[in-house]
Amino acid sequence: MKLLIASDIHGSAKYCKKLLNAFECERAEKLVLLGDILYHGPRNPLPEEYAPAEVAKLLGGVKEKIICVRGNCDSEVDQMVLPFPVLSDYAAIFADGVNIYLSHGHRAVPPLTPSDVYVTGHTHVPQSTREEGFLHLNPGSVSLPKDGNKTRGYILFDSGTFYFKTLDGTVYDKV
């Protein structure tokens with residue numbers, strides 16, 4: 001199974017378009033969104049081309065392919081305009097023999113085993129670490145990278161491997 005995993009669009013139509021272009025180019029089966037879809041949040045600057053209604057419309061074009069968890073900036077009002085479920089704090093995908101657990105990253109870590117992969121967003125910083133035995137991955141932010149990181153990107157899961165990629169599709173790490 002091929003999954004494109006991304007987080008923290010924060011209402012940027014510019015970077016949502018780039019993400020959807022990457023999704024199309026990768027020919028992934030599912031677009032996994034790790035929250036913070038529309039609102040930029042009170043601690044963040046406005047992202048480029050901030051247009052939450054346009055982002056909702058753009059994502060609506062692939063709504064049947066989206067798996068999404070709720071971020072700390074997502075609310076019931078967002079669910080009123082997004083045409084796919086967005087209010088679950090956790091989700092799980094079992095693909096190619098890998099247990100992939102999803103969360104935005106602002107809630108407690110669920111009970112995991114050493115063979116599990118936990119994928120979160122929230123920090124806006126790409127991450128690949130082993131914690132208490134499980135693998136913890138973070139694609140960073142599509143629109144607002146932080147902590148000196150300038151990479152806007154996603155993770156592509158393909159045939160059991162996680163590839164960290166920039167929005168133009170360049171691989172910069174893999175697990």
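These notebook entries record what I looked up in the structure.

**Basis.** I worked from a predicted model, in which local features need pLDDT of at least 70, side-chain atom pairs count only at pLDDT 80 or more, and totals for chains, interfaces and linings use all residues. Residues are numbered from 1 along each chain as its sequence is written, and side-chain values use heavy atoms, leaving out hydrogens and water.

**Sheet.** I took helices (H or I, at least four residues) and strands (E, at least two) as DSSP runs numbered from the N terminus. I counted two strands as paired if DSSP finds at least two bridges between them. I found an open sheet of 6 strands with mixed pairing, in the order β3-β2-β1-β9-β10-β11. β3 and β11 (171-174) each have a single partner strand, so one side of each lacks a neighbour in the sheet.

**Parallel pairs.** I noted that β1 (residues 2-6) and β2 (residues 30-33) run parallel, joined by 4 bridges. Here L4 stands opposite L31 in β2. β2 also runs parallel to β3 (residues 66-68), with 3 bridges, and I66 in β3 is the bridge partner of L31.

**Antiparallel pair.** I saw 6 bridges between β9 (residues 153-158) and β10 (residues 161-166), which pair in the antiparallel sense. F157 has F162 in β10 as its bridge partner.

**Residue S12.** I located S12 in the loop between β1 and α1. Is S12 buried or exposed? S12 is buried, with a relative accessible area of 0%; buried means under 20%, exposed over 50%, and partly exposed in between (1.4 Å probe, protein chains only). Not counting residues up to four places away in sequence, S12 touches P47, E48, E49, V55 and S143, where contact means heavy atoms within 4.5 Å.
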